[in-house]
Amino acid sequence: MKYFSIANDSPLWQPRNLLKLSIGVALLTILLKSIAGYVTHSMGLISDAMESFVNLASAVFALSMVTVAARPADDDHPYGHHKAEYFSSGFEGVLIVGAALAIAGAAVHRLLNPQPLEQLSWGLLLSAVSSAFNGGLAWLLFRAAKKHSSIALEADGRHLMTDVWTSVAVIIGVIAVGFTGWLWLDPLLAIGVAINIIWEGGQLVWRSAQGLMDEALAPADQALLQSVLDRIAAETPAETELRFDHLVTRRAGRRCFADLHMHLPGGWTLRRAALMRDDVERALMGVLPNLRVTIQLLPLKFESRAALAQDRDPVGRVLP
């Protein structure tokens with residue numbers, strides 16, 4: 001399996017190149033599934049082909065957004081362009097929902113006007129081959145998304161896996177029609193496919209919205225950062241008190257951000273405090289990739305006005 005590993009830094013496994021591959025696979029699956037739908041007259045297979053057009057549009061938009069997200073920070077965007085990937089997954093979710101509505105409309109029409117299916121063997125073979133391409137690409141995208149912390153790659157991979165399971169359901173349905181002769185089963189299955197696609201699209205839109213609203217890091221990542229701070233505080237000599245509080249986090253595409261207060265003895269020199277802060281920043285960034293840390297230095301038994309404001313209600317009363 002060495003040749004399929006993405007553990008290295010080969011250009012082949014970079015996000016932009018994988019999305020270019022996704023565009024190529026989308027074009028291939030559109031061709032195969034369109035032929036399958038044409039030769040069988042199956043509404044299920046036709047709906048599956050229609051979703052592949054969404055795969056193509058999604059991959060093209062994802063490629064453009066990943067390109068924007070890779071741009072370095074500038075004067076107008078000092079924190080970088082990483083949030084561009086959320087636009088990609090949100091756009092993909094909207095396209096998925098739109099395609100699902102179109103599929104449902106065509107399926108209802110076929111349900112009211114059933115037509116016999118033809119040449120099932122060829123149609124099923126073509127659909128199965130295209131699903132194999134999508135499944136393999138989705139596997140690569142998931143692994144690359146984890147490596148690069150890319151929501152755009154993850155969204156494209158999830159969409160492709162939805163396409164795979166949709167194709168499996170359609171193939172089963174078409175086979176069932178061939179055995180039973182129930183023509184209404186094919187468009188009914190297409191409606192079920194549309195409902196499943198709407199759900200997946202809604203999930204992508206929701207995740208994109210949460211990312212654009214500066215959603216906090218996952219609880220596991222927050223716990224990891226807190227464990228590092230607890231360890232540093234515990235390893236500090238007894239005569240040197242050290243305290244951390246007000247840890248807040250957020251994610252923006254591939255980048256993670258953490259802000260916190262570090263309370264030190266008031267008699268320390270600025271140099272000593274700065275060196276200690278540097279050690280803490282290095283420790284935190286060492287356990288979480290793509291993390292940017294901002295630490296405010298404060299003397300012990302002192303809270304900033306911002307921290308005090310967070311602990312009070314709108315009329316100024318201290319919260320428990």
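Strands, like helices, are DSSP runs numbered from the N terminus (helices are H or I with at least four residues, strands are E with at least two). This is a predicted model in which local features need pLDDT of at least 70 and side-chain atom pairs count only at pLDDT 80 or more, while totals for chains, interfaces and linings use all residues. Residues are numbered from 1 along each chain as its sequence is written, and side-chain values use heavy atoms, leaving out hydrogens and water.

**The sheet**

- Three strands make an open sheet in the order β1-β2-β3, with mixed pairing; two strands pair if DSSP finds at least two bridges between them.
- β1 (243-252) and β3 (291-299) each have a single partner strand and stand at the edges, so one side of each has no neighbour in the sheet.
- On average, neighbouring strands of this sheet are turned by 15° against each other, direction ignored. Axes here are lines fitted to C-alpha atoms, for helices over the stretch in contact, and angles run from 0 to 180 degrees between N-to-C directions.
- Eight bridges pair β1 with β2 in the antiparallel sense.
- Strand β2 (residues 255-264) runs parallel to β3, and nine bridges join the two.
- You can follow the pairing through His 261 in β2: Asp 245 stands opposite this residue, and His 261 also stands opposite Gln 296 in β3.
- Another pair to look for is Cys 256, which stands opposite Leu 291 in β3.
- How many of the 10 residues of β2 are buried? Eight of them are, which makes β2 mostly covered. Buried means under 20% relative accessible area, exposed over 50%, and partly exposed in between (1.4 Å probe, protein chains only).

- His 246 counts as partly exposed because its relative accessibility is 23%.
- Thr 249 is found in strand β1, and at 13% relative accessibility Thr 249 counts as buried.
- The side chain of Thr 249 reaches the backbone nitrogen of Leu 217 at 3.2 Å. A polar contact is a pair of N or O atoms within 3.5 Å; within protein, one must be able to donate a hydrogen and the other to accept it, and residues adjacent in sequence count only if both atoms are side-chain atoms.
- Neighbours within four places in sequence aside, Thr 249 is in contact (heavy atoms within 4.5 Å) with residues including Leu 217, Leu 225, Phe 257 and Ala 258.

**Helices on the sheet**

- Helix α7 (residues 219-235) lies across β1, β2 and β3 and runs at about 155° to β1.
- Helix α8 (residues 270-287) packs on the sheet too, touching β1, β2 and β3, and its direction makes about 150° with that of β3.
- With 17 residues, α7 reaches 24 Å from its first C-alpha to its last, close to the 24 Å expected at 1.5 Å a residue. The expected span of a helix is 1.5 Å times one less than its number of residues.
- Which residues of α7 are buried? They are Asp 221, Leu 225, Val 228, Leu 229 and Ile 232.
- The face of α7 turned away from the buried side carries the exposed residues Pro 219, Ala 220 and Ala 234.

**From α7 into β1**

- The loop between α7 and β1 holds Thr 236, which counts as buried at 15% relative accessibility.
- A polar atom of the side chain of Thr 236 lies 2.8 Å from the backbone oxygen of Ile 232.

**Helix α5**

- The 30 residues of helix α5 (residues 151-180) should span 44 Å at 1.5 Å a residue, and the end C-alpha atoms are 43 Å apart, which agrees.
- After α5 comes Gly 181, with a positive phi near 80°.
- Leu 153 and Ser 22 are 131 residues apart along the chain, yet 9.9 Å separates their C-alpha atoms.
- Beyond its neighbours within four places in sequence, Leu 153 is in contact with Pro 15, Leu 19, Leu 141, Ala 144 and Ala 145.
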